[in-house]
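Subject: Structure handover

Hi there,

Here is the structure I promised to pass on to you.

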Amino acid sequence: MIEVFRQYDENRKKGLGVGGRRSLSPENKVLLMLGYYREYRTLEHIGFDYGVSESTASRIVCEVEEVLIKSGRFSLPSKRELYKSDVALSFVVIDATETPCQRPKKSKESTTQVSKSVIPLKDRL
């Protein structure tokens, strides 16, 4: 992935001439994109780790995705190819049903009741 993106980055620099400030190296850009998909963290937190803004992190993820997709080296085979091949596929089934949250039961003893006095405060003093 890094080779493909580095080649794209070098070709882009040749066409543009002198550019603006470079935020991250090609390796860090690919790592940022992989971290985004692996950890499901927000772009704001990932950008904070790399010292860039949320919008810059979003642009980097989109740019790296686009380059890797256009290269064609990282695409999955189609369903037809999977059905034709003699590869034995193995599956792992995970039960992802909802389970109820474990919370303490609500009762009158667990909450503190405010006592209401009929006598006004100024008369009690």
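Below is what I found, from the whole chain down to single residues.

Please keep in mind that this is a predicted model. The protein chain contains 6 helices and 0 strands, so its pattern along the sequence reads α-α-α-α-α-α. Of its 125 residues, 18% are buried. The chain exposes about 11,600 Å², and carbon and sulfur atoms account for 55% of that area. If you look at contacts between residues at least 6 apart in sequence, 60% of them join residues at least 24 apart.

Next, the core. The largest nonpolar core is made of 15 residues, and Leu32 and Val64 have the most contacts inside it. Helices α1 (2–16), α2, α3 and α4 each contribute at least two residues to this core, with α4 giving the most, at 6 residues.

Helix α3 covers residues 43–50, and Leu43, Ile46 and Gly47 are buried in it. Why do these buried residues line one face of the helix? Viewed down the axis of α3, they fall within an arc of 100°, so they share one face. They pack against α2 (26–39) and α4 (54–71). On the face of α3 turned away from this buried side you will find Glu44 and Phe48, which are exposed. After α3 comes Gly51, with a positive phi near 75°.

Now for how the helices pack. The angle between α3 and α4 is about 95°, and their axes lie 8 Å apart. That angle makes α3 roughly perpendicular to α4. Leu43, Glu44 and Gly47 on the α3 side make this contact with Glu54, Ala57, Ser58 and Val61 on the α4 side.

Helix α2 also packs against α4, at an angle of about 100° and with the axes 9 Å apart. These two helices are therefore roughly perpendicular to each other as well. From α2, the residues involved are Lys29, Val30, Leu32, Met33, Tyr36 and Tyr37. They meet Ala57, Ile60, Val61, Glu63, Val64, Glu65 and Leu68 in α4.

Is Lys29, which sits in helix α2, buried or exposed? Its relative accessibility is 8%, and because the cut-off for buried is under 20%, Lys29 counts as buried. Setting aside neighbours within four places in sequence, Lys29 is in contact with Phe5, Arg12, Ser23, Leu24, Ile60, Glu63 and Val64.

The other one is Asp9, in helix α1. Asp9 is buried too, with a relative accessible area of 2%. Along the chain, Asp9 and Val67 are 58 residues apart, while their C-alpha atoms are separated by 9.6 Å.

- Leu32 and Val64, the residues with the most contacts inside the largest nonpolar core.
- The buried face of α3, with Leu43, Ile46 and Gly47.
- Lys29 in α2 and Asp9 in α1.

Key
Residues are numbered from 1 along each chain as its sequence is written. This is a predicted model: local features need pLDDT of at least 70, side-chain atom pairs count only at pLDDT 80 or more; totals for chains, interfaces and linings use all residues. Side-chain values use heavy atoms; hydrogens and water are left out. Helices (H or I, at least four residues) and strands (E, at least two) are DSSP runs, numbered from the N terminus. Buried means under 20% relative accessible area, exposed over 50%, partly exposed in between (1.4 Å probe, protein chains only). Contact means heavy atoms within 4.5 Å. Accessible areas come from the Shrake-Rupley method with a 1.4 Å probe; for residues, only the protein chains shown count as cover. The arc is that of the directions from the helix axis to the C-beta atoms. A nonpolar core is a set of buried Ala, Val, Leu, Ile, Met, Phe, Trp, Tyr and Cys residues joined through side-chain atoms within 4.5 Å. Axes are lines fitted to C-alpha atoms, for helices over the stretch in contact, and angles run from 0 to 180 degrees between N-to-C directions. Angles under 35 degrees count as roughly parallel, over 145 as roughly antiparallel, 65 to 115 as roughly perpendicular and the rest as oblique.
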